[in-house]
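Hi there,

Here is the structure I promised to pass on to you. Have a look at it first, and then read on for what turned up in it.

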Amino acid sequence: MEKKKLKEISQIVETEEGIKIQVQENVNIEDVKEIVDNCKTGKCDCMSQEIKAKVSFMDFRVENGKPVIEIRGDVKEEDISQAMEKSQKYIEVKQK
């Protein structure tokens, strides 16, 4: 079983409303959901207070069998990329 950080297995896409993080590999979906839940409740320290203040909405869903994290607000790809760089959480990557 292999574990990777979110930044290693995701693509960040800017949208009209903010950012979408698309996981590119087959992973344990609960691991991604836990990261989002921790972020929404303030249990993570990946985002600075300044960035957290810019986020108006954050949610998790599955599209085509892969997790997607949607972040709305006045955030840019660079903001989220920096936050993902700080993340210490690992996600289980499933074998194909």
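Helix α1 (residues 29-40) lies across β3, β4 and β5 (66-73), and runs at about 170° to β4. Helices (H or I, at least four residues) and strands (E, at least two) are DSSP runs, numbered from the N terminus. For the angles, axes are lines fitted to C-alpha atoms, for helices over the stretch in contact, and the values run from 0 to 180 degrees between N-to-C directions. Helix α3 (residues 77-86) also packs on the sheet, where it touches β2, β3 and β5, and its direction makes about 155° with that of β2. Contact here means heavy atoms within 4.5 Å.

Before going further, please keep in mind that this is a predicted model, in which local features need pLDDT of at least 70 and side-chain atom pairs count only at pLDDT 80 or more, while totals for chains, interfaces and linings use all residues. Residues are numbered from 1 along each chain as its sequence is written, and side-chain values use heavy atoms, with hydrogens and water left out.

Now to the sheet itself. Its four strands form an open sheet in the order β2-β3-β5-β4, with antiparallel pairing; two strands pair if DSSP finds at least two bridges between them. β2 (10-14) and β4 (55-63) stand at the edges with a single partner strand each, so one side of each has no neighbour in the sheet. On average, neighbouring strands are turned by 15° against each other, direction ignored.

Going through the pairs one by one:

- β2 and β3 (residues 18-23) pair over five bridges, and a hairpin joins them through three residues. I12 has I21 in β3 as its bridge partner, and E14 stands opposite I19.
- β3 and β5 also pair over five bridges, with Q22 opposite V68 in β5.
- β4 and β5 pair over eight bridges, and E63 stands opposite K66. Their hairpin has two residues between the strands, and N64 takes a positive phi near 55° there.

Where is the largest pocket lined? Its 21 lining residues include I35, C39, C44, C46 and S87, which lie nearest its centre. α1, β5 and α3 are the elements that give two or more residues to this lining. By class there are 14 nonpolar, three polar and four charged residues. (Ala, Val, Leu, Ile, Met, Phe, Trp, Tyr, Cys and Pro count as nonpolar, Asp, Glu, Lys and Arg as charged, and the others, Gly among them, as polar.) The volume is about 270 Å³, taken as the space filled by probe spheres set on grid points joined across faces, edges and corners. A pocket is an open set of points on a 1 Å grid over the protein atoms alone, where a 1.4 Å probe fits, with protein on both sides within 12 Å along at least five of seven lines; lining residues have an atom within 4 Å of a point.

K4 is found in strand β1 (residues 2-5), and its side chain makes a polar contact of 3.3 Å with that of E25. (That is a pair of N or O atoms within 3.5 Å; within protein, one must be able to donate a hydrogen and the other to accept it, and residues adjacent in sequence count only if both atoms are side-chain atoms.) Leaving out residues up to four places away in sequence, K4 touches I9, E25, K89, Y90, I91 and V93. D74 sits in the loop between β5 and α3 and, with that same exclusion of residues up to four places away, touches K54 and D79.

Best wishes
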